Amino acid sequence: MTSRPARTPTTRPRRSPARPHETPPPPAPTSTSSPSPTSAQRRDARATRARILDAARRELTRDPDTSLEDIAGAAGVARRTVYVHFAGRAALVEGLAAEAAEAIRRAVAGAPAPTPDAVADLARFVLMVWPVGDRYRALIRLARGHDLAHARVDELLTPARDMAARVFAHGRRQGVFQTTVPPDPLGRAIEAQLLALLDCADCGPWSDDGTGAATAALIAAGVAPDTAAAKVDQVRKSGSPPSPA
């Protein structure tokens, strides 16, 4: 009878004692970080672009044929810096047009609600848009020289034209404006008058803060000269039109 070999006892690995709960170290305090170089560069780029546009507005008002090199000099930058922001003269003029369009939109959006006095509303409207037109009157000559398309001029003037048309229609219903010319053509005629006055402002013996232009617009709309002057003076004293920015 064959005997079985004795069985060797199995040795099990001993379990290590449980470790106490380990708390991760607290994160290092974060200091307030300064603006990244990218943000600073974007801010500087916006400031440079605004400085170029401001110089372009001044120089092109003085001389519509001003070169990009002269505009760069007036802005205090190199000519190549102008090309970083604007592909050429057309892009620079479009930049001015975009600024003017936004200024007109803001002026119209901030206009007070119509009142029962359409004559005062027209005076207030002219006094309100005159500072914008005066600031960007270089665009009048640029459009005349075909540096700015007439379709673009129509686009940027649309908010002001719409508001003027409402004022003229209201005045006709009140019987205070002339009725021989429909509101839209009458508005375009007075618009042309205002643009011509803007083109002449500060270019000779005549300058205006909008008072003379508003009086002329009321007279063109059919208001008696004395009444027009008194109404503009009344609106001026009431402080209704915003001060030029």
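Let me begin with the charged pairs: a search of the whole structure finds 18 salt bridges, a salt bridge being a side-chain nitrogen of Lys or Arg within 4 Å of a carboxyl oxygen of Asp or Glu. Please keep in mind that this is a predicted model, in which local features need pLDDT of at least 70 and side-chain atom pairs count only at pLDDT 80 or more, while totals for chains, interfaces and linings use all residues. Residues are numbered from 1 along each chain as its sequence is written, and side-chain values use heavy atoms, with hydrogens and water left out.

One of these bridges joins Lys231 to Asp117, with the closest N and O atoms 2.6 Å apart. Because Lys231 sits in helix α10 (residues 225–238) and Asp117 in the loop between α4 and α5, the pair ties together parts that are 114 residues apart in sequence; helices here are DSSP runs (H or I, at least four residues), numbered from the N terminus. Lys231 is buried, at 14% relative accessible area, whereas Asp117 is partly exposed, at 26%, where buried means under 20%, exposed over 50% and partly exposed in between, with a 1.4 Å probe and protein chains only.

Arg161 and Glu191 also meet through their side chains in a salt bridge, 2.6 Å from N to O, and this pair links helix α7 with helix α8, 30 residues apart. Arg161 counts as buried, at 16% relative accessibility, and Glu191 is likewise buried, at 16%.

A further bridge connects Asp209 with Arg236, the closest N and O atoms being 3.6 Å apart. Here Asp209 is partly exposed, at 47%, and Arg236 is partly exposed, at 30%.

Methods:
Helices (H or I, at least four residues) and strands (E, at least two) are DSSP runs, numbered from the N terminus.
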